[in-house]
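Keep the structure open as you read.

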Amino acid sequence: MKVEWITVGPFQENSYLLYDEETRRGVLVDPGDEPARIAAMVRAARVSLEAIWLTHGHLDHVGAVAAVKREWPVRVLLHPADLVLHRGAAQQAAFYGVPFEQPPDPDGELADGDVLQIAHERFTVRHTPGHSPGHVIFIGETCVIGGDLLFAGSIGRTDLPLSNPDDMESSLALIATLDPDVVVYPGHGPPTRIGTELATNPFLAGVRTS
């Protein structure tokens, strides 16, 4: 499984392209902004795009969805608990004063335990609320597409509307059970590993000793 990404928009969000190198089948995760650059990434990889997966509904993770769907009319999947944030993304953008195209409603729902497939690779959906009520991560064999759950040296914010610090603590405890060698591709910042974060991330200190 090949993982490529570009960092887009004023919030410096990572938009991911996951694809099977043999079949060239793939998906986009969190196309957040700058749709022309995202489309160029897909075309350069010669990928047949099959879906858009969203880790959550914040504006910086959904801002290119509408434009991408005009190029590739694929299904968009989101956990239903984040639909209210998704539908309010344009209002969020206006608050920050950034240009934004409101995406259409998702085409399907994600649920904890769902298994999504790209060619022969399987990703398990885990519901990880805290940063947002419907936040999810996608767990593959050797990597996690982690959205705004865990960053290198930090974690997602829990002071936003509909965020919940207690839920975040439970979600971090879940991700801490993964193999230490698993690579985390976060919504912002560079990739990291579970083991590295357990050893060095101050926000995981409680998880580490529990």
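The paragraphs below go from the whole chain to its helices, its cores and its aromatic pairs.

This is a predicted model. The chain holds eight helices and 14 strands. Its radius of gyration is 16 Å, close to the 17 Å that the globule rule gives for 210 residues, so the chain is as compact as a globular protein of that length. The C-alpha trace spans about 50 × 45 × 25 Å along its principal axes. Of the 210 residues, 54% count as buried. The exposed surface comes to about 9,200 Å², and carbon and sulfur atoms supply 51% of that area. Contacts also reach across the sequence. Among those between residues at least 6 apart, 57% join residues at least 24 apart.

Start with helix 1, residues 35-44. Its buried residues are Ile-38, Ala-39, Met-41 and Val-42. Viewed down the helix axis, they fall within an arc of 155°, so they line one face of helix 1. Ala-36 and Ala-44 lie on the other side and are exposed. What covers the buried residues? The cover includes strand 1 (2-8), strand 2, strand 3 (25-29) and helix 3 (65-71). Just after helix 1 comes Arg-46, with a positive phi of about 55°.

Helix 5 can be read in the same order. It runs over residues 89-96, and Ala-89, Gln-92 and Ala-93 are buried there. These residues cover an arc of only 100° around the axis, which puts them on the same side of helix 5. The face turned away from that buried side carries Gln-91, Ala-94 and Phe-95, which are exposed. The buried residues of helix 5 pack against helix 2 (59-62) and helix 4 (83-87). Gly-97 follows helix 5, and its phi is positive, near 75°.

The largest nonpolar core has 25 residues. Which members touch the most others? They are Leu-17, Leu-28, Leu-49, Ile-52, Leu-54, Val-68 and Trp-72. The elements that give two or more residues to this core are strand 1, strand 2, helix 1, strand 4 (48-53), helix 2, helix 3, strand 5 (75-78) and helix 5. Helix 1 gives the most, with four residues. Look at Trp-72 in particular. Leaving aside neighbours within four places in sequence, Trp-72 is in contact with Ala-39, Val-42, Arg-43 and Leu-49. A second, separate core has 19 residues, including Tyr-16, Val-29, Ala-51 and Ile-118.

Tyr-16 leads on to the aromatic rings. The whole structure has seven aromatic pairs. One of them joins Tyr-16 and Tyr-185 edge-to-face, with 5.8 Å centre to centre and 70° between the planes. This pair links distant parts of the chain. Tyr-16 sits in strand 2 (residues 13-19) and Tyr-185 in strand 13 (residues 183-186), 169 residues apart. Are these two tyrosines buried or exposed? Tyr-16 has a relative accessible area of 1%, so it is buried. Tyr-185 also counts as buried, because its relative accessibility is 15% and the cut-off is under 20%.

Methods
Residues are numbered from 1 along each chain as its sequence is written. This is a predicted model: local features need pLDDT of at least 70, side-chain atom pairs count only at pLDDT 80 or more; totals for chains, interfaces and linings use all residues. Side-chain values use heavy atoms; hydrogens and water are left out. Rings of Phe, Tyr and Trp (its six-membered ring) pair if their centres lie within 6.5 Å; planes under 30 degrees apart count as stacked, over 60 as edge-to-face and the rest as tilted. Buried means under 20% relative accessible area, exposed over 50%, partly exposed in between (1.4 Å probe, protein chains only). The arc is that of the directions from the helix axis to the C-beta atoms. Contact means heavy atoms within 4.5 Å. A nonpolar core is a set of buried Ala, Val, Leu, Ile, Met, Phe, Trp, Tyr and Cys residues joined through side-chain atoms within 4.5 Å. The radius of gyration is taken over C-alpha atoms; the globule rule is 2.2 Å times the number of residues to the power 0.38. Accessible areas come from the Shrake-Rupley method with a 1.4 Å probe; for residues, only the protein chains shown count as cover.
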